Amino acid sequence: MVAGLALSAWHPHDRTTWFLETVWILVGLPVVVLAWRRFPLTGLLCGLLAAHALVLALGGHYTYAQVPLGDWARDALHLDRNPYDRFGHLMQGFVPAILVRELLSRTSPLRGSRWLAPLTVCACLAFSAVFEMFEWAAAVIGGQAADAFLATQGDVWDTQWDMFCALIGATLSLLLLSRVHDRALRRLQAPRVTATYSGDGSTSAPRTSTARTTAPLR
């Protein structure tokens with residue numbers, strides 16, 4: 001992830017666009033590292049966050065409207081625009097869905113509740129809407145210089161498409177990964193067995209540390 005971020009910072013198409021697209025990595029990575037001892041993340045979530053970081057770094061380097069992979073897909077599929085921006089917003093829902101689900105499962109009574117999935121999707125859609133307002137503010141402040149960040153490519157419905165893609169991404173993520181995520185959470189939160197030394201060359205019975213649980217909302 002760090003190597004990909006460093007490579008994306010090497011002569012990007014537009015330095016301001018690169019910063020705006022990768023600021024989530026620049027802020028999020030230190031937060032994860034600093035909080036790791038008290039709040040480690042599942043391997044599944046770490047992998048998804050790393051993949052999302054690479055998507056952001058690539059889009060920041062070229063700008064989303066000019067990513068070569070997107071140009072190839074546009075030509076191969078006879079599309080009228082570079083689709084990398086759509087893919088980026090799918091990821092904007094797909095990855096945060098597992099992040100939100102993990103946070104809610106571990107810090108609230110929602111684990112095992114029927115409300116966990118819909119509230120997770122709502123949170124992802126809310127984040128997507130906030131991001132669109134962030135883009136709007138950048139456009140107002142930066143004027144024409146913010147065009148590369150917006151990546152609308154002439155589509156007047158680009159904002160609505162972006163939020164819809166995030167909604168689809170979040171929904172697909174929960175449908176495909178919820179069971180895998182539950183197994184990862186169980187492994188992460190399994191009681192740890194420790195043996196105590198008695199001083200006579202033997203160890204006493206192992207002790208287990210258990211986490212406090214709360215009853216799920218039904």
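Me: What makes the packing of H2 and H3 roughly antiparallel?
Reply: In this predicted model, the two helices pack at an angle of about 170 degrees, with their axes 8 Å apart. Angles over 145 degrees count as roughly antiparallel, and H2 and H3 are therefore described in that way.

Me: Which residues make the contact of H2 with H3?
Reply: Thr17, Trp18, Glu21, Thr22, Trp24 and Ile25 contribute from H2, and Ala53, Leu56, Ala57, Gly60 and His61 from H3. These residues divide into 6 nonpolar, 4 polar and 1 charged.

Me: Why is Thr22 called buried?
Reply: The relative accessibility of Thr22 is 0%, and the term applies under 20%; Thr22 therefore counts as buried. Thr22 belongs to helix H2, residues 15–35. Beyond its neighbours within four places in sequence, Thr22 is in contact with Leu5, Leu56 and Ala57.

Me: How do you know that the side chain of Thr22 has a polar contact with Trp18?
Reply: A polar atom of the Thr22 side chain lies 2.7 Å from the backbone oxygen of Trp18, and the cut-off for such a pair is 3.5 Å.

Me: How do you know that the span of H3 agrees with its number of residues?
Reply: At 1.5 Å a residue, the 20 residues of H3 (43–62) should span 28 Å, and the end C-alpha atoms are 29 Å apart, which agrees.

Me: Against which helices do the buried residues of H3 pack?
Reply: They pack against H1, H2, H5 and H8. Leu56 and Ala57 are among the buried residues of H3.

Terms used: Residues are numbered from 1 along each chain as its sequence is written. This is a predicted model: local features need pLDDT of at least 70, side-chain atom pairs count only at pLDDT 80 or more; totals for chains, interfaces and linings use all residues. Side-chain values use heavy atoms; hydrogens and water are left out. Helices (H or I, at least four residues) and strands (E, at least two) are DSSP runs, numbered from the N terminus. Buried means under 20% relative accessible area, exposed over 50%, partly exposed in between (1.4 Å probe, protein chains only). A polar contact is a pair of N or O atoms within 3.5 Å; within protein, one must be able to donate a hydrogen and the other to accept it, and residues adjacent in sequence count only if both atoms are side-chain atoms. Contact means heavy atoms within 4.5 Å. The expected span of a helix is 1.5 Å times one less than its number of residues. Axes are lines fitted to C-alpha atoms, for helices over the stretch in contact, and angles run from 0 to 180 degrees between N-to-C directions. Angles under 35 degrees count as roughly parallel, over 145 as roughly antiparallel, 65 to 115 as roughly perpendicular and the rest as oblique. Ala, Val, Leu, Ile, Met, Phe, Trp, Tyr, Cys and Pro count as nonpolar, Asp, Glu, Lys and Arg as charged, and the others, Gly among them, as polar.
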